[in-house]
Each structure stands twice: as C-alpha cells, then as structure tokens.
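Let us walk through a protein chain step by step. Keep the sequence and the structure side by side as you read.

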Amino acid sequence: MDYGIISLLPAVIAIGLAIATRQVVISLLTGAFVGALIIDKGNVVNAFMDTFATYVTGAITDASHASILIFTLTIAGMVAILNLTGGTSAIAASLSKRVKSSRGAQVITSLIGCLVFFDDYANILIVGPTMQPLCDRLHVSREKLTYIVHTTAGIVAGIALMTTWIGFEIGLVTDAFSNMGYENVNGFMIIVKNIPYMFYNIMAIIISFAVALMMRDFGPMYKAERAARLGKKLETGDSSKNVATDNTVEIGKNGKVWYALVPILTMVLTIFFGIWYSGAKSLGSDVDPFTLTGFRDCIGEADPMPPIVWAAMLSTLVASVIAKIFVKVPIKKVYSTWLNGFFGLCEVGIVIVIAWSLGMVITDLHTADFLVGIVSDGVAVGVLPACVFLISCIISFCSGTSWGTMPIVFPIAIPLVAAFVEDPANSHLVIATIAAVLSGSTFGDQTSPISDSSILSSATSGCDVISHVKTQIPYALVPASIAFIGYLLIGFMDIGALLPLIGGAAAVLLVVRFVGKSTNPKDLLEREHR
C-alpha cells in the first residue's frame, strides 16, 4: 500500500517530541504507535497491540539486533571490570603525562577513535569511558567528547576496509550489480574504489581534527566548550551520567595499562579473525582463506554478528582473569561489578530496541520508497549522485539507521545511474553514487536523535542525547554540504574525486577558522574580563 506523504509522520513526531521533551523512550514509542495506527487504518486497539507484539518483539528477536544487544551490554560489563582493575585509569594517567591541554585531549581522543576502526559499537564502548577521565580533567566538555567518539566510530568504520561493515556493504553492491546482469563484478574492489568519493565521511574526520587543533568551535558546541574551559556547568540536561561508572562500580587507582589493553586487544583480534573465520566457514572448500584473494573473499562473505558476540565474551573472560589473578579481586566481586556495568546500559538497550521498532514501522510504511520516488522522477543524470546522497541523508535521519537505509536505496540508485553509462563498474558517476548512498546513510545515523549509535555514544560518554545531537548537527552539516557540492561537480563535470577532496578540505578549514570562535582558555578569560 502506498501511504504517500503520511508515511513521514511517525519519524517527524518521534524526532520532534524527542527534541521538545527530551523523553526519548516516550517519543520513540509514540512515533511507533502512530505508524502502527496508520498501518491498522485507525484501529487504536490493534495499533497498540501491534506496537508491542509485532514491532518491539520483532526488534528484540531479530538475530542481528540480539547480537548487537549482547555485545553492547557484555562490553559495558567488561568496561566496568577494566575500571575495577584500574586499567582505564592507568591509560588516562599514561596519556596525561603526554597530554597537558584540552587541545591535546581532543586530538588524542580522535586518534584513538580512528585506531579502533573495526567496529562502531566497539569504538563507542571503548573510547568514551576510557577517555572521559582525561577529558574531564583537561576541561573538554562531555558534548565534545561524545561528538568525537560518535564521529570516529561510524564515520571511520564506514570507510575502513577491515570492519564489521565491509561484508554488508560488499553484499549490497554485489547484489545490485548482479540484478543488472553483471555477475562477475568484484564487490570488494568496488568498495575500495568508492573510498575517495566518501566525501561526507572524509570531511567529517577533517573537521573533527580541525576544531581540536585550531581550538575553535561554533554553534551550541561553542557554548558547551566555553562552559567547560571556564569550569562552569552548562545546563543542557544530565551530562554527568556515565554508564561505565554508574551503579556503584568501583574504579581502581593503582592499575596498569596492560590490564585494559590486553582485554581490548583480545576483542579487536577476536573480531578481526572471527570475521575471517566466519567467512571461510561459509565459503567452505570453494576458497583458500590463506591467500590474499581468499582472505578478501572471506571478509566479504562473513556475517559480522557472531564474531562480535565471541569477542565480547572472550574479552570479558580475559578481563575477569586479570582482575582475579593480578588484582586479587574475589570472583564474586568481579561478577557483581560486571553485572553493575551490564545493568548500567540496560536503559540504553531499551531505547535502542524501541528505536529499532520505529525503524521497522517506517519500513512497513514504505517511507523510503516515497522519498526515493520523489527524487528519481524527472531528475537529470548529473544531479543523481547529489540527489541520492540527499535522499540517503533524509531516510537515515528519519529512521535512525544507516544499515536500514543502504539496502533500501542501493537497489534503486545503482541501476538508475548505471543506465546512463557504458561501464558501470568503472564509471565515476556510478562509483560516486555508491559512495553517496554509504556516506549519506552515515550522516543520518550520526545526527538522528533516534539513532542507536547517538544514544549509545551519549550514554557511554556521559552526555544527554539531545544535547549531543544539538551540538553535533552543525558539525555534520558542514561536511554534508561540501559532500553535496562534490557530488554535483562529479555529476556535471564527470571528474574524479581529487578536486572535490582538495576543495572540500580547504572549505572545512576556512569554516572552522572564520566561523568558529576561539575556545583557548586564555582567549576566553580575556573575553570574560572585557
């Protein structure tokens, strides 16, 4: 059934209520209920039952969703054990010897975020709690910390090759080309070619480092950073809460760096080799997993969800062994600490489940099809990459998911553009369109208040989710605008990615320099005394 423009109503209501009331759970449930009411043709009783029996239950029982919940809650417990051993405090203390300023704290947080590139959820759960003590001590606002954590999570995972995203992306690209009759197209190489065209992701990384190095901020983030530098509390919600240290989780004071590094590396390596093993097991004897080509095929074929569960369990076990043997913590205490960390994220888990439920409602309303239909009708071919980027941004923002946006837009966007070129696998236009879908989907996931990664980033960094969204959106709109222009240039000029990248990077630096205001403590104090 075609619901037309009314299909936008659940997302609009959920987002509007979330911003107006700061009650995310109520807002998401209201949006889901409104969507169910539309689907059930105004039958309130059926809509109420379907909201919970169909959508909330369906969100929980989905295998991928269950894996993400297990991973998230288990790693939250593991982080609590790392705090108990003093491992995270030791990392912060070690960094503190080298980092003496708010500029340094922001830069090192960005660098660590880029290094933990293999999975966005792992990045969020590791970097936020680990870097919060250092950022607090050096007067970096929780809003800025959350922005950095969120940016370096999904943004970097979206363009790195060895991540939990890669198999999903390769599968979507391969299916789209296969449906057009191109059976031998290498999806992995298409993803490699598309990286330079991921304008939003690349510009978002550049702006995150630029505001840190230049110590200049703008929009609501400037107010948050100004308050933090001057030691004032910004009244933007509950920004003092941190799920990693809530519920009376103790924090060790005499830990060693390796107490935290060993479990974290265990998780990284388990995910990395787990994905490889999962793909090799799926392919069986059809490929030699120990060759470069075989390794690439294994990564592309793998289901990343089981490996992240393996990694969560194994890294938690390693952290527990360290706590017991080297820190002499009783097993009962280790277990209770893990439970406290686990339950500290349960509220976040509830929000994520309801966000998924709303996403399912939006899918059943065919909201994406309505939006794509508006763009694809009567649009010139040169405008298509930019339009695909824009529609991907809107869909992912309204639905709160990048992974839910990609499989909706890819089957329509790629054939639409490929029809105008001779060699789709090597066309700037097609490659840029693929990148536009991926990077546009990332934009919405990063900026939407109903996104699970927005909710999780805020919770693990101790920031109110609406405050995070408000302070982050201006920093996302700048690279998004530059990306839109870049896709227009490629569409009309049929050029490569180099010129848009150089021009875009220069534009980012100019915006930060001339729009941003200094958050250097000396400049702020001078301004205060004027």
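Start with helix α10, residues 187-194, where Gly187, Phe188, Ile190, Ile191 and Asn194 are buried. Buried means under 20% relative accessible area, exposed means over 50%, and partly exposed lies in between (1.4 Å probe, protein chains only). Helices here are DSSP runs of H or I with at least four residues, strands are runs of E with at least two, and both are numbered from the N terminus.

A word on the source. This is a predicted model, in which local features need pLDDT of at least 70 and side-chain atom pairs count only at pLDDT 80 or more, while totals for chains, interfaces and linings use all residues. Residues are numbered from 1 along each chain as its sequence is written, and side-chain values use heavy atoms, with hydrogens and water left out.

Now look at the cores. A nonpolar core is a set of buried Ala, Val, Leu, Ile, Met, Phe, Trp, Tyr and Cys residues joined through side-chain atoms within 4.5 Å. In soluble globular proteins, nonpolar side chains tend to be buried together. The largest core here has 57 residues, and Phe71, Ile75 and Met267 touch the most other members. Helix α4, residues 63-85, gives the most to this core, with 10 residues. A second, separate core has 49 residues, among them Leu172, Leu429, Ala483 and Ile495.

Which residues does isoleucine 75 contact, leaving aside its neighbours within four places in sequence? They are Leu125, Met267, Ala312 and Ser315. Contact means heavy atoms within 4.5 Å.

Next comes threonine 460, in helix α22, residues 452-461. Threonine 460 counts as buried because its relative accessibility is 1%. Its side chain reaches the backbone oxygen of leucine 456 at 2.9 Å. A polar atom of that side chain also lies 3.3 Å from the backbone oxygen of serine 457.

Finish with two loops. Histidine 139 lies between α7 (120-137) and α8 (142-159). Its phi is near 60°, a positive value in a residue other than glycine. Methionine 215 lies in the loop between α11 (199-214) and β1 (216-217). Methionine 215 also has a positive phi, about 55°, although it is not a glycine. Methionine 215 is buried, with a relative accessible area of 4%.

Methods. A polar contact is a pair of N or O atoms within 3.5 Å; within protein, one must be able to donate a hydrogen and the other to accept it, and residues adjacent in sequence count only if both atoms are side-chain atoms.
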